[in-house]
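Q: Could you walk me through this structure? I have not seen it before.

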2 protein chains.
Amino acid sequence: MTSWVEGAAGSGFDADHLPYGVFAHDEEAPRIGVRIGDFVLDLSPVAAAHMLDVHHVLEEQSLNAFLAEGPAVWASVRRWVTELVTEQAERHVVEPHLLPLSEVTLGLPIEVADYVDFYASEHHATNVGRIFRPDGDALTPNWKHLPIGYHGRSGTVVVSGTDVVRPSGQRVATKTGDPGHPRPDFGPSRRLDLEAELGYVVGVPSTLGAPAGAFREHVFGVTLLNDWSARDVQAWEYVPLGPFLGKSFATSVSPWVTPLEALAAAEVPLPGQDPEPLPYLQVADSHGYAIDVELVLNDEVVTRPPYAAMYWSPAQMLAHLTANGASLRTGDLYGSGTISGPEREQRGCFLELSWGGREPFTAGGRERTFLEDGDVVTLRASAPGTAGGRITLGEVTGRILPAP
Amino acid sequence: MTSWVEGAAGSGFDADHLPYGVFAHDEEAPRIGVRIGDFVLDLSPVAAAHMLDVHHVLEEQSLNAFLAEGPAVWASVRRWVTELVTEQAERHVVEPHLLPLSEVTLGLPIEVADYVDFYASEHHATNVGRIFRPDGDALTPNWKHLPIGYHGRSGTVVVSGTDVVRPSGQRVATKTGDPGHPRPDFGPSRRLDLEAELGYVVGVPSTLGAPAGAFREHVFGVTLLNDWSARDVQAWEYVPLGPFLGKSFATSVSPWVTPLEALAAAEVPLPGQDPEPLPYLQVADSHGYAIDVELVLNDEVVTRPPYAAMYWSPAQMLAHLTANGASLRTGDLYGSGTISGPEREQRGCFLELSWGGREPFTAGGRERTFLEDGDVVTLRASAPGTAGGRITLGEVTGRILPAP
């Protein structure tokens with residue numbers, strides 16, 4: 001089913017995709033929109049004109065109220081939007097509310113409640129283990145028993161396009177001094193990195209003290225996510241309580257949230273889990289997604305991480321996150337962790353690609369290890385759509401500014 | 001300066017304290033109040049009647065809007081409230097708005113933005129290191145160089161009085177099986193613990209990409225905080241990304257936020273820092289507080305952790321938290337980490353008090369290690385007030401319910 005909107009067919013943003021976002025136009029307050037081709041459909045006036053029963057949740061300045069409504073409303077609004085952009089009879093109503101992307105500013109689509117980041121790629125975790133602990137086991141003993149995760153800083157989740165200031169922090173020179181008595185100094189990170197991830201957006205909250213329900217009852221959709229990381233800061237600080245300032249300076253997400261419904265044709269079985277997970281992790285909808293990611297540095301595709309290679313499913317991550325009775329809130333966001341495949345050109349961060357900085361890679365015609373000031377990092381991704389073609393996830397991009 | 005309110009003198013909640021909270025009365029919407037003696041002063045009607053220029057921020061359902069106003073407004077509202085409760089001339093205006101504590105329900109005083117937990121007690125960190133790593137150094141190499149911290153789950157911060165359901169999670173039997181191939185099972189935590197802490201409440205936000213300003217420009221006040229912890233879950237999950245489900249099921253805070261101004265007489269020098277901290281951690285107002293905490297199990301004082309023994313100051317924790325450019329938001333909350341002194345009877349958690357469960361302590365006339373269903377844990381604290389007596393911080397209490 002193809003949209004009548006000009007340019008939508010074959011764009012990755014046809015009627016089989018319809019991601020939601022928040023935009024501002026002409027200095028007016030932010031509003032909710034759906035992307036179709038290179039246009040934003042301004043939803044609230046159309047919903048009001050159609051007297052849609054949930055029009056009030058589409059008149060907010062973030063997606064949260066809509067997300068809180070749950071799967072039945074998500075599905076009915078999606079059917080309604082699909083009709084708007086595919087039926088010629090709706091054209092005269094809809095066309096006045098189609099704004100060219102070039103005329104709007106895209107904002108953060110959700111008010112982020114809690115942000116959790118997982119570590120669900122076996123290839124990534126194995127590589128990181130080999131780089132940091134070359135003499136030990138690559139994976140920690142817990143890795144195949146539970147999807148390891150930690151809480152990040154929700155207040156520094158920013159929308160694609162936001163510049164990222166190089167963070168400063170404590171750094172330890174690893175090749176000089178007495179290894180038993182390290183002498184940190186403080187300054188701009190010398191090992192600034194990105195992590196290519198998917199982010200899962202929670203719509204429906206759950207009750208404190210009980211595990212959440214099924215994946216599709218709570219999770220609305222997916223964004224691309226860049227978990228910027230200062231590796232030198234992280235390496236020194238992370239024992240024993242985990243990453244903190246090495247991560248908390250910025251996390252970028254795409255402005256468009258792709259509904260799970262648009263990814264129905266991208267669902268694939270997991271590569272396989274051994275040992276068998278404990279019963280609480282044997283959940284329904286425990287699939288992966290055939291989402292192909294591109295990691296782009298200054299307009300050059302550097303690697304192509306395959307999401308289908310991830311070990312833990314997003315449904316398992318959700319089950320784990322609430323297995324202790326922790327409640328979900330609307331706007332909770334959880335990242336998959338770096339997406340890396342088995343091959344070098346499938347690695348989702350520079351730490352792996354440059355093997356801890358020891359094996360530079362080539363980009364822009366020269367040798368590179370970590371991020372330099374002025375670098376622009378963009379994550380792009382596509383997946384099979386439900387109409388036979390491919391959908392394009394909203395990209396996430398950010399430029400590195402020098403430390404102040 | 002003593003209040004005319006009956007019973008306030010000598011109560012720990014006299015005119016030199018005046019903590020803020022949020023209460024509900026007669027099924028009306030929650031409102032902001034100040035505690036004086038065993039009464040809550042209902043602030044919004046008095047502020048409106050007095051035409052206080054910031055009355056609108058006192059008419060909210062959380063303290064956040066008031067906290068965002070900053071130190072000048074905090075000070076002027078405090079002066080105004082002080083006059084209300086000390087000058088006889090105000091009595092006829094104020095008395096109708098004094099509600100007995102027994103007639104109100106106290107709520108969570110702030111909408112928590114990001115929650116961070118530090119690890120600032122050298123005695124606690126040393127004890128934990130000795131318990132978990134008996135053959136290694138007690139402190140990790142980074143411990144005296146930076147205040148170690150991590151992000152917790154802000155969505156499960158609950159107000160004092162909220163029951164805590166025993167969390168379930170993955171547990172590993174440490175004394176059986178092959179240590180190289182642990183076999184976790186899933187079930188209710190067998191090592192449920194508490195952590196006695198102070199929580200610092202941020203009022204004034206800061207800008208992304210730059211360190212925050214001075215401690216007093218951002219931090220409004222203090223709560224007592226219980227960082228409930230499932231030690232068995234935590235011990236298995238925390239390598240390499242830190243505590244997650246072992247902590248995220250609940251964090252309890254007192255309903256009253258004590259302004260920093262009320263703690264002016266409790267400021268004390270830190271015990272001493274060696275090595276000298278890096279320059280970015282040599283900040284103004286880098287003091288501790290002579291706050292004496294009591295850890296109460298089922299009405300029996302079990303230990304008395306002294307906050308004055310903490311290694312890192314709250315001003316240093318704030319400087320560290322934003323040194324990488326991470327921004328602050330109104331409602332950010334950061335915990336001190338478990339407060340423990342050098343003596344056994346000054347330890348702030350059962351992990352330390354029972355030395356990992358190996359050395360039971362006596363409470364309620366019998367041997368105890370970790371928390372049992374039905375246990376009630378209460379943290380109380382007091383500090384020198386500015387009027388020569390002592391102020392009593394709002395207590396934080398919670399009862400353990402069995403796992404479902």
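The conversation below turns to the interface and then to some backbone details.

Q: What should I know before we start?
A: This is a predicted model, in which local features need pLDDT of at least 70, side-chain atom pairs count only at pLDDT 80 or more, and totals for chains, interfaces and linings use all residues. Residues are numbered from 1 along each chain as its sequence is written, chains are lettered from A and ligands numbered from 1 in the order in which they are written, and side-chain values use heavy atoms, with hydrogens and water left out.

Q: How many residues of chain B are in contact with chain A?
A: On chain B, 56 residues are in contact with 56 residues of chain A, where contact means heavy atoms within 4.5 Å.

Q: And how much area do they bury between them?
A: About 5,300 Å² is buried between chain B and chain A, with 63% of it on carbon and sulfur atoms. Buried area is the accessible area (1.4 Å probe) that two parts lose on being put together, summed over both. Arg153(B), Leu241(B) and Phe244(B) supply 16% of the area that chain B buries against chain A, more than any other three residues.

Q: Which side chains meet in a salt bridge?
A: Two salt bridges are found across the interface of chain B and chain A; a salt bridge is a side-chain nitrogen of Lys or Arg within 4 Å of a carboxyl oxygen of Asp or Glu. One such pair is Arg153(B) with Asp332(A), at 2.8 Å from N to O.

Q: Switching topic, where is there a cis peptide bond?
A: Val239(A) and Pro240(A) are joined by one, with omega about 5°. Pro240(A) is in the loop between α7 (231-237) and β16 (251-253) of chain A. Helices (H or I, at least four residues) and strands (E, at least two) are DSSP runs, numbered from the N terminus. In chain B, the bond from Asp274(B) to Pro275(B) is also cis, with omega near 5°, and Pro275(B) lies in the loop between β18 (267-268) and β19 (288-289).

Q: Which residue has a positive phi although it is not a glycine?
A: Leu18(A) does, at about 55°, and its place is in the segment before β1 (20-25) of chain A. Asp299(B) also has a positive phi, near 70°; Asp299(B) sits in the loop between β20 (292-297) and β21 (300-303) of chain B.

Q: Is Leu18(A) buried or exposed?
A: Leu18(A) counts as buried because its relative accessibility is 2%. Buried means under 20% relative accessible area, exposed over 50%, and partly exposed in between (1.4 Å probe, protein chains only).

Q: What about Asp299(B)?
A: Asp299(B) is exposed, with a relative accessible area of 79%.
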